[in-house]
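The following exercises are to be worked with the sequence and the model at hand. Each task is followed by a solution in steps.

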Amino acid sequence: MLSHKKSLLAISLVTLTTANFLIASDAVSSNAVNPNAISSGEVSSDTVKVKATEGSLKLVMQSLLKDTQELTAAMLNEDFALITTKAENIADHPKPSMATRMKIMKAMGSDMAQFKANDEIVHKAALAIMTNAQQKNIDGVGDNFKKMIGGCLSCHSQFKYSVSALFK
Ligand code: HEC
């Protein structure tokens, strides 16, 4: 029988995979991989729905998705060097442009603290994953991966809809 921990991880992985599958079905982008994606204002992945403009939060998010997918694969393959690289990308993810950040802050007002707290959960969990990977501690990687994904989902459930509407 699966332990509680393991079944939680299984659920989060299934959720990830299912979500990706749903998004992939209306993907418009090609399979081409562009390693300089973030700086060129374009992230190519099977799971990217729409093109995002340079400096947008959407572009940052599409890049986070790609790193999270690659981190998932590295974790399941127990490739600790790759886990470290991908977790580092997530921990130090690029920020959207100043103009984008100002617009978000202005619209959000006092909710900004909560928004930032979610970003901090992801940041801290990604740093912890790096430490776990350096210690070749796959259970630790799994536990902190769950915390990290929890931060992604928590911010989305609180803010994704309203922030997305700002940029339409
Ligand atoms: C601090 C809040 C916050 C955190 C943390 C966060 N997101 Fe997001 N995410 C958003 C918002 C807001 C949007 C909507 C952006 C828009 O539509 O302009 C979004 C949108 C997305 C999208 C949809 C992009 C598209 O093409 O429409 C993906 C994918 C995504 N996030 C992935 C992630 C992943 C993976 C993580 C964690 C590693 C994460 N996000 C963490 C706030 C957050």
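**Exercise 1. The shell around the ligand**

Task: Identify the element that gives the largest share of the shell around the ligand.

Solution. The structure is a predicted model.

Step 1. Helix 7 supplies nine residues, the largest share of the shell.

Step 2. The shell holds 25 residues, of which Met61, Cys152, Cys155, Val163 and Ser164 come nearest to the ligand. Two or more residues are given by each of helix 3 (57-76), helix 6 (112-134) and helix 7 (138-166).

Step 3. By residue class, the shell divides into 15 nonpolar, six polar and four charged residues.

**Exercise 2. The overall fold**

Task: State how many helices and strands the chain has, and what share of its residues is buried.

Solution. 

Step 1. The chain has seven helices and zero strands. Read from the N terminus, the order of elements is α-α-α-α-α-α-α.

Step 2. The chain has 168 residues, and 21% of them count as buried.

Step 3. Contacts between residues at least 6 apart in sequence are considered next: 52% of these join residues at least 24 apart.

**Exercise 3. Helix 3 and the residue with positive phi after it**

Task: Compare the span of helix 3 with the expected value, and describe the backbone of glutamate 78, which follows this helix.

Solution. 

Step 1. Helix 3 contains 20 residues, and its first and last C-alpha atoms are 28 Å apart, close to the expected 28 Å at 1.5 Å a residue.

Step 2. The buried residues of helix 3 include Leu57, Leu59, Met61, Leu71, Ala74 and Met75. Lys58, Gln62, Ser63, Lys66 and Thr68 also belong to the buried residues of this helix.

Step 3. Most residues other than glycine have a negative phi. Glutamate 78 is not a glycine, yet its phi is positive, about 50°.

Step 4. Glutamate 78 lies in the loop between helix 3 and helix 4. This residue is exposed because it has 12 other C-beta atoms within 10 Å, and a residue with 12 or fewer counts as exposed.

**Exercise 4. The buried face of helix 4**

Task: Determine which residues of helix 4 are buried and how they are arranged about the helix axis.

Solution. 

Step 1. Helix 4 has 12 residues, which should span 16 Å at 1.5 Å a residue; the end C-alpha atoms are 16 Å apart, in agreement.

Step 2. Ile83, Lys86, Ala87 and Ile90 are buried in helix 4. Viewed down the axis, the buried residues of helix 4 fall within an arc of 100°, so they line one face of the helix.

Step 3. The buried residues of helix 4 pack against helix 3, helix 6 and helix 7.

**Exercise 5. The largest nonpolar core**

Task: Name the residues that touch the most other members of the largest nonpolar core.

Solution. 

Step 1. The core has 18 residues, and those touching the most other members are Ile83, Ala87, Ala126, Ile129 and Met148. Helix 3, helix 4 (80-91), helix 6 and helix 7 each give two or more residues to this core.

Step 2. Ile83 and Ala87 are among the buried residues of helix 4.

Step 3. When residues up to four places away in sequence are not counted, methionine 148 touches Val122, Ala125, Ala126 and Ile129.

Definitions and conventions
Residues are numbered from 1 along each chain as its sequence is written. This is a predicted model: local features need pLDDT of at least 70, side-chain atom pairs count only at pLDDT 80 or more; totals for chains, interfaces and linings use all residues. A residue is near a molecule or strand if its C-beta atom, placed from the backbone, lies within 6 Å of it. Helices (H or I, at least four residues) and strands (E, at least two) are DSSP runs, numbered from the N terminus. Ala, Val, Leu, Ile, Met, Phe, Trp, Tyr, Cys and Pro count as nonpolar, Asp, Glu, Lys and Arg as charged, and the others, Gly among them, as polar. The expected span of a helix is 1.5 Å times one less than its number of residues. A residue is buried if 20 or more other C-beta atoms lie within 10 Å of its own, exposed if 12 or fewer, and partly exposed in between; C-beta atoms are placed from the backbone. Two residues are in contact if their C-beta atoms, placed from the backbone, lie within 7 Å. A nonpolar core is a set of buried Ala, Val, Leu, Ile, Met, Phe, Trp, Tyr and Cys residues joined through C-beta atoms within 7 Å. The arc is that of the directions from the helix axis to the C-beta atoms.
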